[in-house]
Amino acid sequence: MLIVGFLQWWYVRGWLNLINKMMSMLRSLADSFSISLLIKTLFSPYKQISAYGSGEISFQAQISDFFDKLLSRVIGMILRLIIIFIGIIVIVLDVVMSSLVILLWPLLPILPIVCVILTIVGVTF
Amino acid sequence: MHQFHYDSLRAKESRIGKVFESWFIRTLMLLAVIALVAAGAYLMFVAHTSLAWLLWGLAIALCVVLIFIKYELIKPPLGPTDSLDDKLSRNVLTLLSRNPTPAEIAEIAHKTNSGNFLAVRYAITPNFLKIVVEGIPNDITPVFAKAREIQKKTGSESVSGGVLAIALIELHPNHEQMLRTMKLEVEDLYNGIVWYNYLHGLVKNARKPKHTGGIARDLAFGYTPYLRRFGRNISESRGAAIKDQVQLAQHTQIVARMIETFSKGGRQNVALIGPSGSGRSTIVTAFADELLDADTKISSSLKFRQIFMLDAASLIGNGGERGKLERLVPTILGEAFAAKNIIIWLDNAHLFFEDAVGSVDISNVLLPIIEAGRLRMILTMDQQRYLEISTRNPQLANALNKIMIEQSSEEETMQVMEDHVPQLEYQYNVIYTHWALKEAYRLSERYIHDIVMPGRAMKLLESSANYPVQGNFITDASVQIAIEKVYGVKMQATQDEDDKLKLLNLEELIHERMIDQVGAVKAVSDALRRSAAGVRNQNRPIGTFLFMGPTGVGKTELAKALSEVYFRGEGEMIRLDMNEFVEASDVSRLIADGSEDALSLTAQVMKHPFSVVLLDEIEKAHPQVLTTLLQMLDEGILRDNKNREVSFRDAIVIATSNAGAQKIRHFIDSGMDLNEVKDELTDQLIRDGEFKPEFLNRFDEVCIFKPLEKEDLRKIVDLMIQSTNKTLEVQKIRVRLDDAAKDLLVEKGYDPKLGARPMRRIVQNTVENLVAKMVLANLAGNGDEIEIDAEMIKSQLDK
């Protein structure tokens, strides 16, 4: 009866729990890197530097404000792109690892039997 | 349906899980896995034998078992069906025997977390449950059936130990009576389960990951150096604690309205108007949590916005004079606007709109910003301040989106207290019982007036943490001690043996300093005894008495004696000479706020609710003043000019009057018994227009003081000499009068119209003057006894 309970858990609830855990980890990673937010604000000035403007109306001052803001936007974009790049790598790695674990999970209870067979067959490195 | 199956899969798994609960066994298994892997590696790569696979296989099998134990056996989830086997909590499952009995349930209940919770906070101890079990049939089926019922009623996920304990109690035919002796009702126990479930839920939620926007959240938003210097980031300080506080229905609605206001166009401000203690700051914190939670569905223009509280004290302290502040504030607000993610919170916003100590009126700076409505702002202030500001500055009031906050109900206040208890218990290392919470609500409602619920109950609950009893338990007694220490209310009278003795002998103690007037002394003593024993009406003052009689017969003296003997001392009596309240406009002085007049009746009673309140010469007060006092006499409540309820329910109210003195004398001269003519006398006073019937009827008792006779005065002389000796005790000098001297004093001091009043003067002019001269002339010194005879008195009187 306990074996039945074990199998029921391993192949149904346990597996689902594992998938949920992996999904939750993925969500936490996505939240930490907030890639969608980074994309939405990709061209926003970094830390709003120069976004306030000098308030002067002379042509020269406005040109200066424009270039200040442009520089701020470029710095912001570069920084965000770097974070997006690192984030994507980390998330992809997590997806790969999680998928492996999820796929390996149903095989785990069978592996001891495979090992016994390998012992009997006499496989060595 | 209500059958327990010992051999069910969940029950078996739970029992096995219990064996592996110990981390030691699991650590051993883990070490075995590591050893097997290492040994397998050796066999494979050094000894080159296929036996390595066998060891690795074993290691994998052990790993699988370990995972199964950790994630399933130790914490088996509830089953999918509605059967008892699927709904019994894991703790109960591991403890139940094959054929459980009610007695067994009583024994195992407190071994579970919820059962222990009830034992500690509601005194549902194993011993109590044993007594309960003796009174119910030895049949487990009704216990489980009742438990399922309770589980559903309380919204519990499982049938826990606590639920089973309540089921046992409810099956007892006299359970209501049994609980009453513990000042409990079944509903209280249900609430206990709900409280436990809530705390359990908090622990579970704390383990869940929280999504708050990540590293990129603030990259697009600006630097705020000034704001950081003069404000406090509420969102940042919440950190990982988001949504960890109880959400009252009213607060949830207000947060929703705030989100709606800030999501739409229009003026981007919210003014939370509510009295102190109503939870204004809690609402702002809940709003901050809502914005910070990536999972909530709110407008992207609000998501991850941060709330900065501007600190008025810091601003005014650094800003210095008005001009500097008027330049600083726009800089800070400009910074907040440019940052694009800031919502400014002006706590106690009135500090920015009025000129006073600690506040500066900068409405000329703030009003255009609020009216423009582009910078998001939250303003919190109390209703009174808001009314004052809106009268002074209607333009500002019109520019604000007001949300009113009401004080919480009893049920909500209990919820808030239950929510805060774990935090207080952690801070003070104490355990709160259910009665402490109930008492905190009851007493704070009655005695704390400066803030409203739930703040006032929370304030008292926290104060009581300093007075644990029986180890580290905070009970109703702790709360009573706290209110005694902080507010001077006497709550513990009947628990103190000295006080009990004092109450039983109150008449004798009062007569140690006043003569006769037995009826009045008995009336006040009885009222106090009833109050101490808890048999009085709790919604009225301890006693309300009208003392009537001629001057100098002991009316005021009795009030003083009472205050001296049982209350906080004669000097602490709250005394109002009502001849100072002869105008209708004097009502405002009577009920003035303590900050305006510390000696107003309401201000004094607010500070010292457990007092003797003496309203001297009540007949001289204006009828409007008497009308104001009606509610105080009737319900023990008087509203001050700030509309706060001031409780007189722990005070003894004594009004004195000389009205009808002539009539009393006439009755005495006619040889009539005063008790028999009391009604006639009061009727006469009403006919004469001295008092209105509704006023006289409000008193518990009208006591008639009879004029003093010569024999009474002789006793008064003795009391006065006693008092003089008490004063001289420091110098170890004693005064003794012979009988002739006393007779002479009585003869000279007796005035039927003025009672004992002239006697004080006579004793002062004769005895005290004599003693003073002898001391100064070195005729009497330390340890001497001065003998005074009639001749000496006479010589003084002749001078």
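Predicted model: local features only at pLDDT ≥ 70, side-chain atom pairs only at ≥ 80, totals over all residues.

Residues are numbered from 1 along each chain as its sequence is written, chains are lettered from A and ligands numbered from 1 in the order in which they are written, and side-chain values use heavy atoms, with hydrogens and water left out.

**The interface**

In chain A, 42 residues are in contact with 46 residues of chain B (contact means heavy atoms within 4.5 Å). About 3600 Å² is buried between chain A and chain B, and carbon and sulfur atoms give 71% of this area; buried area is the accessible area (1.4 Å probe) that two parts lose on being put together, summed over both. Two salt bridges are counted between chain A and chain B (a side-chain nitrogen of Lys or Arg within 4 Å of a carboxyl oxygen of Asp or Glu). A:Arg13 forms a salt bridge with B:Glu72, with the closest N and O atoms 2.4 Å apart.

**Aromatic pairs**

Over all chains, the structure holds 20 aromatic pairs. Rings of Phe, Tyr and Trp (its six-membered ring) pair if their centres lie within 6.5 Å; planes under 30 degrees apart count as stacked, over 60 as edge-to-face and the rest as tilted. Two pairs are set out here.

| Pair | Centre distance | Plane angle | Class |
|---|---|---|---|
| A:Trp9 and B:Phe68 | 5.5 Å | 55° | tilted |
| B:Phe547 and B:Phe705 | 4.8 Å | 45° | tilted |

A:Trp9 lies in helix 1 (residues 2-33) of chain A and B:Phe68 in helix 3 (residues 51-73) of chain B, so this pair joins two chains. Helices (H or I, at least four residues) and strands (E, at least two) are DSSP runs, numbered from the N terminus. Both A:Trp9 and B:Phe68 are buried, that is, under 20% relative accessible area, with exposed over 50% and partly exposed in between (1.4 Å probe, protein chains only). Ring pairs also link A:Trp9 and B:Phe68 with A:Phe6, A:Trp10 and A:Trp105 into a cluster.

The rings of B:Phe547 and B:Phe705 are tilted, with centres 4.8 Å apart. This pair links distant parts of the chain, 158 residues apart: B:Phe547 is in strand 9 (residues 543-548) of chain B, and B:Phe705 is in the loop between strand 15 (701-704) and helix 36 (710-728) of chain B. B:Phe547 counts as buried at 0% relative accessibility, and B:Phe705 counts as buried at 0% relative accessibility.
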